[in-house]
Amino acid sequence: MKKNYIGLWSLLAVALAVIIVISCLDHPSVFGVELRSSGIADKLTAAREPEIAAEEAAAADSAVEAKPEKIELDTAAQNILIIGDSMLEGLNPRLAAYAKKNGHTLHSVIWYSSTTKYFGESDTLRVFIKKYNPSFIFLSLGGNELFVRDIIEQRDKFVKKILADIGDIPYLWIGPPNWKKDTGINELVQKNVPKGNFFLSDGMHFDRQKDGAHPTHASAALWMDSIARWMPLHGSHPIRMEFPDEPKGRPAEVVVLQPLK
């Protein structure tokens, strides 16, 4: 008796499979007779369609949210001021080459051994902003403050003063090329500077001069190249920085300030 039931159920299963296959065809026919679709295939797949559509919509929304905001490139010729500590010795020649290639004018002020405290307690930055009336400022500062104790508490007011002196002029603060872990200078600047206005140099590879701190001129040129590539994608106010034809150049003017006694 059980064998009869097993045979019957097998026959029914085969018949159901045949019906489902025929249902999936657009215009099925058997022995020349065209059959109408039963709609079984539509019913089996209909329940999945809203779910798939929802997943695709969610993926599309995610892609829109992940798309970075495009920052408009300032194509105008710039009057650039680069000011800061002795790291400018390496950055100046390469930045001057970029300036020449892109129609900018570059003025440089090197204040040897300077710190955020130097600038924060003086009117030096304001004086040179008034003198050159820059449309863009590069500030390279922090290399002499890698190991200051309690630097966030000690120097926060000076960083704020520097930013107040810059005001609404577009700028980029170039972080120091760390040769050892610092005590917080990079964290301090990042805390105060808006996103897109600080280039973190810590973590990059540098070939160093004999003092173990300053990058060689060749390494500093690559440093400047990295900054130039970074600006269009991440800078808050990217300017024209097309790759120069010449390896180095000269600023229109270089002012050298001696360390404070």
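Helix H4, spanning residues 88–102, has 15 residues and reaches 20 Å from its first C-alpha to its last, which is close to the 21 Å expected at 1.5 Å a residue; the expected span is 1.5 Å times one less than the number of residues. Helices here are DSSP runs of H or I with at least four residues, strands are DSSP runs of E with at least two, and both are numbered from the N terminus. The model is a predicted one, in which local features need pLDDT of at least 70 and side-chain atom pairs count only at pLDDT 80 or more, while totals for chains, interfaces and linings use all residues. Residues are numbered from 1 along each chain as its sequence is written, and side-chain values use heavy atoms, with hydrogens and water left out.

H4 is mostly covered, with twelve of its 15 residues buried, where buried means under 20% relative accessible area, exposed means over 50% and partly exposed lies in between, for a 1.4 Å probe and protein chains only. Among these buried residues are Leu88, Gly90, Leu91, Arg94 and Tyr98.

The strands can be followed next. Six of them form an open sheet in the order S7-S6-S5-S3-S4-S8, with parallel pairing, and two strands count as paired if DSSP finds at least two bridges between them. Strand S7 (198–199) and strand S8 (253–257) stand at the edges with a single partner strand each, so one side of each is left without a neighbour in the sheet.

Within this sheet, strand S5 (residues 136–140) has five of its five residues buried, so it is largely enclosed by the rest of the structure. In a regular strand the side chains alternate between the two faces of the sheet. Strand S3 (residues 79–84) runs parallel to S5 and is joined to it by five bridges, with isoleucine 82 standing opposite phenylalanine 138. Strand S6 (residues 171–174) also runs parallel to S5, through four bridges; in S6, leucine 139 has tryptophan 173 as its bridge partner, and isoleucine 137 has tyrosine 171. From S5 the chain crosses through helix H7 (residues 151–166) to S6 in a right-handed β-α-β crossover, meaning that, with the strands pointing away from the viewer, the path from the first strand over the helix to the second runs clockwise.

The spaces in the structure come last. On a 1 Å grid over the protein atoms alone, a cavity is a set of points where a 1.4 Å probe fits but cannot get out, a pocket is an open set with protein on both sides within 12 Å along at least five of seven lines, and lining residues have an atom within 4 Å of a point. Two cavities of 30 Å³ or more are found in the whole structure. The largest cavity holds about 60 Å³ of space, and its lining includes Ser86, Glu89, Gly90 and Trp223. H4 and helix H9 (217–234) each supply at least two residues of that lining, and H9 gives the most, with three. The second largest cavity holds about 40 Å³, and Phe136, Tyr171 and Trp230 are among its lining residues. S6 and H9 are the elements that give two or more residues to the lining of this second largest cavity. The largest pocket contains about 200 Å³ of space, and its lining residues include Ile71, Lys195, Trp230 and Ser236.

Note on methods:
Points joined across faces, edges and corners; volume = space filled by probe spheres on them.
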